[in-house]
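Hello,

Here is the structure we talked about. My notes follow below it.

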Amino acid sequence: MADYYEVLGLDKKSSPEEIKKAFRRLAQKYHPDKKGGDAQKFKEVNEAYQTLSDQEKRKMYDQYGPSFEKAQAQGGFEGFEGFRDWASWADAMRGNAKENDFENFNFGNLGDIFSDIFSMGGGSSFRSGDNTNRKRKSRFTKGEDLEIKLEIEFMEAIFGKEKEIFLNRYQDCSDCQGKGIEPGSKFRKCSTCRGQGKIISSQSTFFGTFQTSQVCPTCQGQGEIPEKQCHSCRGTGRIQKETSLKIKIPAGIDHGQIIKLSGQGNAGLKGATAGDLYAHILIKAHPDFRRQGRDIFSKKKISISQAVIGDQIEVKTVDGLVKLKIPSGTSSDQEFRLRNKGIPYLNSESHFFDRSQKRGDHLVKIIINIPKKITRKQKNILEDLKKEGL
């Protein structure tokens with residue numbers, strides 16, 4: 001497993017804001033829908049961000065490294081930071097044991113372990129402490145993350161918009177409120193694990209006997225099972241249905257950027273945390289405007305006389321028509337800049353356009369219109385101008 005900090009190009013001292021910026025940059029770079037994207041890299045970047053952006057997960061990762069997920073599932077390793085070396089040793093031993101034999105270690109008091117190691121008395125064994133009072137946590141899996149493509153209009157990307165979408169996703173069952181139990185029924189103690197939520201077994205090794213535990217396959221770690229499963233969701237606590245959702249499109253968003261809606265993915269099993277929804281923004285092309293960064297580009301045709309003599313013309317912008325002065329002697333392809341008429345900079349405090357927001361510029365390229373047909377009078381005038389050297 002690659003180091004999450006290396007994946008994001010950061011170090012352990014990086015601030016949450018730096019982590020967020022690194023994720024946005026790399027997610028755009030490696031997104032599979034983009035030319036030159038890399039699906040595997042995108043997955044690694046997303047996985048690293050999901051861990052390091054969460055304060056508790058990051059703390060666990062900094063302490064235990066790649067094995068933190070197992071530590072988290074057990075409610076954390078107890079009492080000794082140097083346990084990481086023992087976790088590495090156990091991980092290596094797994095190759096010589098049956099699958100999952102070393103899953104979810106219950107080491108309890110590590111002081112007793114080291115005492116046994118150094119005394120090495122006859123029949124020494126390493127046993128876990130009493131964990132019966134440890135608070136059990138739900139073992140049910142978090143709901144799946146969802147990804148959608150959301151196409152919006154050019155103007156909606158500039159000024160922001162609240163869009164309503166419809167999608168099929170898992171929601172908490174309304175009949176059992178996500179618990180998976182038939183209304184009116186009760187929970188009873190799991191007979192397989194006797195209400196412990198786990199199956200404990202012993203493993204003999206060169207160093208002695210380790211106790212290991214596995215999640216109870218019957219109750220999935222809950223310690224209890226319903227007398228009767230909910231008939232609507234068949235005990236899963238969730239059902240799939242089409243739902244509506246409103247997404248706020250921030251003013252100034254760019255093509256390919258991603259909006260994350262926490263907790264708006266699929267509902268988890270039996271009340272577990274819901275996944276997240278990632279909306280990939282696709283912006284439709286505009287017939288009159290082209291965007292580059294925070295600037296808008298457009299073209300405007302003028303006549304030969306306007307270019308030579310000068311004029312004041314009206315130019316179409318995203319804010320409507322504005323006046324533009326054309327100086328005498330303007331050449332074709334010459335650009336004029338309309339300041340603060342471009343794309344707003346994203347505002348983290350507000351989703352919608354604010355007149356006080358800093359904006360890019362609008363650049364207008366002048367195209368001198370050369371008519372293919374002219375009247376005799378126009379031709380005579382041009383002939384006279386030609387004689388004058390114009």
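Which exposed residues does the face of H4 turned away from its buried side carry? They are Gln55, Glu56 and Lys59. Exposed means over 50% relative accessible area, buried under 20%, and partly exposed in between, with a 1.4 Å probe and protein chains only.

Some background: this is a predicted model, where local features need pLDDT of at least 70 and side-chain atom pairs count only at pLDDT 80 or more, while totals for chains, interfaces and linings use all residues. Residues are numbered from 1 along each chain as its sequence is written, and side-chain values use heavy atoms, leaving out hydrogens and water. Helices (H or I, at least four residues) and strands (E, at least two) are DSSP runs, numbered from the N terminus.

Helix H4 spans residues 55-64, and its buried residues are Arg58, Met60, Tyr61 and Tyr64. They lie on the same side of H4 because they cover an arc of only 165 degrees around the axis (the arc is taken from the directions from the helix axis to the C-beta atoms). After H4 comes Gly65, with a positive phi near 70 degrees.

Elsewhere, Thr330 sits in the loop between strand S13 (320-326) and strand S14 (335-338). Thr330 counts as buried because its relative accessibility is 5%. Not counting residues up to four places away in sequence, Thr330 touches Ala307, Phe336, Ile366 and Ile368, where contact means heavy atoms within 4.5 Å.

Strand S11 (residues 295-302) and strand S15 (residues 362-368) run parallel and are joined by 7 bridges. Ile296 stands opposite His362 in S15. Two strands pair if DSSP finds at least two bridges between them.

Regards
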